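Please look over the structure below before reading the notes that follow. They are grouped by topic.

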Amino acid sequence: MAALMRRYGVGARWYDVLSGERPVYRAGRLAGISLLDLSPGDAVVDLGCGTGLNFALLLDATGPSGVVIGIDRSAEMLAVAQRRIDREGWGDRVRLIRADAAELQPEAVTRTVTELRGGGDGRADALLATYSLSVITEREEAWRRARACLRPGAQACIVDMQPPRGFWRVLSPLARLACATGGADISARPWRMLERDAVDPASVRRVERKGGHIVAVVATVDGGSPL
Ligand SMILES: C[S@@+](CC[C@H](N)C(=O)[O-])C[C@H]1O[C@@H](n2cnc3c(N)ncnc32)[C@H](O)[C@@H]1O
């Protein structure tokens, strides 16, 4: 736990350059966000948002009235995310909440969405978790709490990692090293929670990138259940 805090603490300012974003992991966020059927004005919860690498893509997909709530436990990662928000002038569309995902209070999220939208019940339209649920140790609880922030019929998307497949298995040691360095459990396959909890199995869509190392799954979920 202490090692993980250090990893996303001191390392926060180097995360965007050292995390393999351009060569590898951006492909997963692009795939996941394009699978999420976002509409103009949607409110999206970005769980374990880190330095905010999803924000520009989410704001593009939701248009000028879309809003994003980024949740993360690391003050240092959030500080980088906040600098990004300030630099890009997204302050009226993106808010950050510092919380352990396994202790997240859904009301903190709905209150923030209501504030940004200037009304409404604050339940979000979509949830995105990129490379975070494999790092979050209490992932079932985090998943349950994140879902409670959503409206019924919301879309959720989990993008995460597994060992590469087929020919690409030669890169397995590298993938395992990348995951271990980031504190991720490469065998967690957190998208299975989404496949399990989808309201309709027909709503589940899945794509793989980088030789199967990255998996993006989207489905419609119930959302809105009180804790
Ligand atoms: C590999 S980074 C992914 C960041 C971002 N989603 C991305 O795609 O670049 C994992 C993030 O999960 C956060 N995290 C780990 N455990 C957490 C927890 N229990 N609650 C909230 N955030 C957590 C870390 O602080 C870190 O920012």
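How many of the eight residues of strand 7 are buried? The model is a predicted one, and in it eight of the eight residues of strand 7 (residues 214-221) are buried, so this strand is largely enclosed by the rest of the structure.

**Strand 7 and its partners**

- Ile-214, Ala-216, Val-218 and Thr-220 point one way from strand 7, while Val-215, Val-217, Ala-219 and Val-221 point the other way. The residues of both sets are all buried.
- Strand 5 pairs with strand 7 in the antiparallel sense, over eight bridges. In this pairing, Ala-154 stands opposite Val-221 of strand 7.
- Strand 6 (residues 205-209) also pairs with strand 7 in the antiparallel sense, over five bridges. Here Arg-205 stands opposite Val-218 of strand 7.
- Strand 6 and strand 7 form a hairpin with four residues between the strands. In this hairpin Lys-210 takes a positive phi near 55 degrees.

**The loop with Ala-101**

- Ala-101 lies in the loop between strand 3 (94-98) and helix 6 (106-117).
- Ala-101 has a relative accessibility of 7% and, because buried means under 20%, counts as buried.
- Beyond its neighbours within four places in sequence, Ala-101 is in contact with Leu-47, Ile-136, Glu-141, Ala-142 and Arg-145.
- One of these contacts, Glu-141, is 40 residues from Ala-101 in sequence, yet their C-alpha atoms are 7.8 Å apart in space.

**The loop with Glu-138**

- Glu-138 is found in the loop between strand 4 (124-130) and helix 7 (139-147).
- Glu-138 and Glu-103 are 35 residues apart along the chain, and 9.6 Å separates their C-alpha atoms.

**A nonpolar surface patch**

- Which residues form a nonpolar patch on the surface? They are Phe-167, Trp-168, Val-170, Leu-171, Leu-174 and Leu-177.
- Together the residues of this patch have about 680 Å² of accessible area.
- Leu-171, one of the patch residues, sits in the loop between strand 5 (150-161) and helix 8 (172-182).
- With a relative accessible area of 37%, Leu-171 is partly exposed.

Conventions:
Residues are numbered from 1 along each chain as its sequence is written. This is a predicted model: local features need pLDDT of at least 70, side-chain atom pairs count only at pLDDT 80 or more; totals for chains, interfaces and linings use all residues. Side-chain values use heavy atoms; hydrogens and water are left out. Helices (H or I, at least four residues) and strands (E, at least two) are DSSP runs, numbered from the N terminus. Buried means under 20% relative accessible area, exposed over 50%, partly exposed in between (1.4 Å probe, protein chains only). Contact means heavy atoms within 4.5 Å. Patches are made of residues with over 30% relative accessible area and no salt bridge: like charges are joined within 9 Å, nonpolar side chains (Val, Leu, Ile, Met, Phe, Trp, Tyr) within 5 Å. Accessible areas come from the Shrake-Rupley method with a 1.4 Å probe; for residues, only the protein chains shown count as cover. A salt bridge is a side-chain nitrogen of Lys or Arg within 4 Å of a carboxyl oxygen of Asp or Glu. Two strands pair if DSSP finds at least two bridges between them.
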